[in-house]
Amino acid sequence: MADWNEIRTKIGKAANTAVKKTGEIADSASKYVKLKTYDSKISSKYESLGRLTYKQIKSGESQAESIAEVIDSIDELRTKRKELADEMEADKQRRAEEKAAEKQKKAEEKASQE
């Protein structure tokens with residue numbers, strides 16, 4: 001039968017793991033929401049670009065300055081979105097590597113106990 005110190009240690013490890021995983025999930029969710037916010041803002045800017053282009057064609061008045069501002073804004077948002085998507089992919093890769101290392105460690109511990 002396991003002694004109390006061993007049980008307490010295992011419970012502590014489990015609690016720490018749960019806290020870590022909860023934090024990772026919250027961080028991932030936050031980044032996902034931010035990514036979708038960028039998507040929405042980009043879509044809105046494309047809509048503005050379309051309106052300005054339509055106005056320019058219909059009225060014959062140049063909207064070049066406004067169009068350039070919207071394009072710059074789109075480019076900036078797309079850059080930020082790509083940086084965030086790359087960060088999310090790196091986090092995903094890191095988690096996969098940690099999981100593989102943890103699985104390897106458990107297999108080694110099991111093998112040493114046999």
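Predicted model: local features only at pLDDT ≥ 70, side-chain atom pairs only at ≥ 80, totals over all residues.
Helix H1 spans residues 4-59, and helix H2 spans residues 64-113. Their axes lie 9 Å apart and meet at an angle of about 160°. Angles over 145 degrees count as roughly antiparallel. H1 and H2 are therefore roughly antiparallel to each other. The crossing of H1 past H2 is left-handed. Residues in the contact of H1 with H2 comprise 16 nonpolar, six polar and 16 charged.

Side chains of opposite charge can pair when their charged atoms come close. In this model, the count comes to 13 salt bridges. One of them joins Lys-21 to Glu-24, with 4.0 Å between the closest N and O atoms. Both residues lie in helix H1, three residues apart, about one turn of the helix. Lys-21 is partly exposed, at 41% relative accessible area. Glu-24 is buried, at 14%.

A salt bridge also links Asp-27 and Lys-31, at 3.4 Å from N to O. These two residues again belong to helix H1, four residues apart, about one turn of the helix. Asp-27 is partly exposed, with a relative accessible area of 37%. Lys-31 has a value of 10% and is buried.

Lys-31 also forms a salt bridge with Glu-87, at 2.7 Å from N to O. Lys-31 lies in helix H1 and Glu-87 in helix H2, so this pair ties together parts that are 56 residues apart in sequence. Glu-87 is partly exposed, at 38% relative accessible area. Through shared partners, salt bridges join Asp-27, Lys-31, Glu-87 and Asp-91 into one network.

How values were computed. Residues numbered from 1 in each chain as written. Heavy atoms only, no water. Axes fitted to C-alpha atoms, helices over the stretch in contact; angles between N-to-C directions. Parallel < 35°, antiparallel > 145°, perpendicular 65-115°, else oblique. Left-handed = near helix turned anticlockwise from the far one by under 90°. Nonpolar A, V, L, I, M, F, W, Y, C, P; charged D, E, K, R; others polar. Salt bridge = Lys/Arg side-chain N within 4 Å of Asp/Glu carboxyl O. Buried < 20%, exposed > 50% of the residue type's maximum accessible area, 1.4 Å probe, protein only.
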